[in-house]
Amino acid sequence: MSAPPHTPQPGSGWTVHAKRVLVAWIVLSAVATPLVWFLLGPALPPGKGSVQAAGQVFDNTVLVAFVTPIISLLVVFFVYVLTQFRADPSAELVDGPPMRNDSTVQTTWVAVTSVAVLFLAGFGTYELLKDGAGGGQGPAPIAKVSGRNLQVQVIAQQWEFTYRYPSYGGLETSQLVLPADTTVELHVTSLDATHSFWALQLGVKADANPGEDNIAYVQTKGARSFDIHCAELCGLWHGYMYDTGHVVPASQFTAWIKQQQQVFASVAKYMPRYSTIYYPDPQRRGG
Amino acid sequence: MRGTTWKLLGVAVCVAAAGVLIGFYVSALTQENGSPSYSVPVQTSNGHPVVHLTIETVAAVGPKLSPGSPDFVSYLIMEKGQWKRDTVWRVPANATVHVTIYQFDGDSGLRNPYLARPEGIDGNVEMVDGKPLDAIDPADASHTFAVPAYHLIVPLPGVADNAKNQCGYAPCAMSNAHHTITFTFHTGAKGHYRWQCFVPCAAGWLYGFGGPMQTIGYMDGFLNVV
């Protein structure tokens, strides 16, 4: 069957179009990808306040840099098509050329996208298992982090976080202070509703569930302050459940602990023995 | 004018109308949540602003102050000799705040005993019926007055279960069984700071944390520091 009149046919013109798109794509990718890697990447959240946060910045940079050529191809393709294949509104409406199977294109597409997805899955898994990436891993973490280890319990309640230091006699405080250059094992739990402990600049985010011990690791670096937020809608004052934590030099941390132990003494006798989870009483007025 | 133009115009008018209605709704919500803040009278001492907050806590706010929820537990504040259910208070920045709380409610107990220790107030000591305390028994706590942004918390002991002449509905008389708690704290920079009770004191609600604990205007509010 012969093609209808006025129907454009694939031929040498299509090769020209493909070459133009290819060249434009390579040029745009060659410019955009280094910009992403060297300029955008270092500015990505959450910053480099801890080893885990720096790892997240690296992961985000790799992912954005990886996707940049793909986005570049889409942008070039759309711009080229929109500018080169605009129909003349006054021209007669006709069918486009018939679409036919091209096994080379299909095979290439499946192979390239499979490799891309498998690479990202492998990369993400490796990064996650390396140090937990600052996320809550439940009561039996797979990605444990060795090193000088300090255990700190994060206790969420409506609507404040408090913190216990089991290696300092179960001391509880209303502020989170951590020593610099230390591996901190955070045990996150809740006394009432579901909350989520999010230490933004440290790259830590772990759900706080009642009756659950959710463990997350963070390796602090130099002294700095960091923002703490609840990241799970937990009731009326969820939006106000935030605070500022501090990473301080080891000597300053020791002095702070001593000071806190003195002010904690008055209530120490009422405190329950340290536990990874609590089922607090009373609920005398609860329904 | 062509039909398409009319359609576009209609859509634009509808979107604008919806925007105005949403604006009114948000505005009304803001008014409701913020409620008119009570400007606490300011005195000066050596040029330093000083305010006195006189508050009471009651087991049931009563139909006069809360017709819709007379059984809600609540804070009340003394305004010009009258007890009012206002929980948004306007106080000066960098001021000394002397607080007197008349506590008429029974105990509920704290879920976290750590909060039974006064913190963020002068000397970290509260006066309970004239007696200085640096902690109360967590099981005896009826309420707390807490401003988390200031790391301020003051536990309030409850009236004994067998106390005589307990207050039913607010406003309570000074002849009703109560504790008097006094303490002093200092405001800092200007800002909008929430205060709340940490005791699960909402009778009949899940974990004692529903109803008045999830509704602005009873057991929580704002310190508008200006």
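From the N terminus on, the elements of chain A follow the order α-α-α-β-β-β-β-β-β-β-β-β-β-α. This amounts to four helices and ten strands, where helices (H or I, at least four residues) and strands (E, at least two) are DSSP runs, numbered from the N terminus. The model is a predicted one, so local features need pLDDT of at least 70 and side-chain atom pairs count only at pLDDT 80 or more, while totals for chains, interfaces and linings use all residues. Residues are numbered from 1 along each chain as its sequence is written, and chains are lettered from A and ligands numbered from 1 in the order in which they are written.

The overall form of chain A comes next. Its C-alpha trace spans about 95 × 45 × 35 Å along the principal axes. The radius of gyration of chain A is 28 Å, whereas a compact globule of 287 residues would have a value near 19 Å; the radius is taken over C-alpha atoms, and the globule rule is 2.2 Å times the number of residues to the power 0.38. Of the 287 residues in chain A, 27% are buried. A residue is called buried if 20 or more other C-beta atoms lie within 10 Å of its own, exposed if 12 or fewer, and partly exposed in between, with C-beta atoms placed from the backbone. Among the contacts in chain A with a separation of 6 or more, 71% are made by residues 24 or more positions apart; two residues are in contact if their C-beta atoms, placed from the backbone, lie within 7 Å.

The helices of chain A can be followed one by one. Helix α1 (residues 12-40) of chain A holds A:V23. This valine, A:V23, is exposed, with 11 other C-beta atoms within 10 Å. The C-alpha atom of A:V23 is separated by 62 Å from that of A:S167, and the two residues are 144 residues apart along the chain. In the loop between α1 and α2 of chain A lies A:P46, which is joined to A:P45 by a cis peptide bond with omega of about 5°.

Helix α3 (residues 103-131) of chain A has 29 residues and reaches 43 Å from its first C-alpha to its last. This is close to the 42 Å expected at 1.5 Å a residue, the expected span being 1.5 Å times one less than the number of residues. Of the 29 residues of α3(A), the number buried is one, so the helix lies largely in the open. Just after α3(A), A:G132 takes a positive phi of about 85°.

Two packed helices are described by the angle between their axes and the distance between the axes. The axes of helix α2 (residues 51-84) of chain A and α3(A) come within 11 Å and cross at roughly 175°. Here axes are lines fitted to C-alpha atoms, for helices over the stretch in contact, and angles run from 0 to 180 degrees between N-to-C directions. Helices α2(A) and α3(A) are therefore roughly antiparallel to each other (angles under 35 degrees count as roughly parallel, over 145 as roughly antiparallel, 65 to 115 as roughly perpendicular and the rest as oblique). On the α2(A) side, A:V51, A:Q52, A:G55, A:D59 and A:V62 meet A:F123, A:E127 and A:D131 of α3(A). The residues of this contact divide into three nonpolar, two polar and three charged. In this grouping Ala, Val, Leu, Ile, Met, Phe, Trp, Tyr, Cys and Pro count as nonpolar, Asp, Glu, Lys and Arg as charged, and the others, Gly among them, as polar.

Chain B has two helices and 14 strands. Its C-alpha trace spans about 85 × 45 × 35 Å along the principal axes, and 42% of the 226 residues of chain B count as buried. In the loop between β2 (42-45) and β3 (48-58) of chain B lies B:N46, which has a positive phi of about 55° although it is not a glycine. With 5 C-beta neighbours inside 10 Å, B:N46 counts as exposed. A cis peptide bond, with omega of about -5°, joins B:A170 and B:P171.

Finally, the two chains meet. In all, 28 residues of chain A are in contact with 31 residues of chain B. On the side of chain A that touches chain B, β1 (149-157), β2 (160-165) and α4 (250-268) of chain A each supply at least two residues. Helix α4(A) gives the most, with three residues. The residues of this side of chain A divide into 13 nonpolar, ten polar and five charged.
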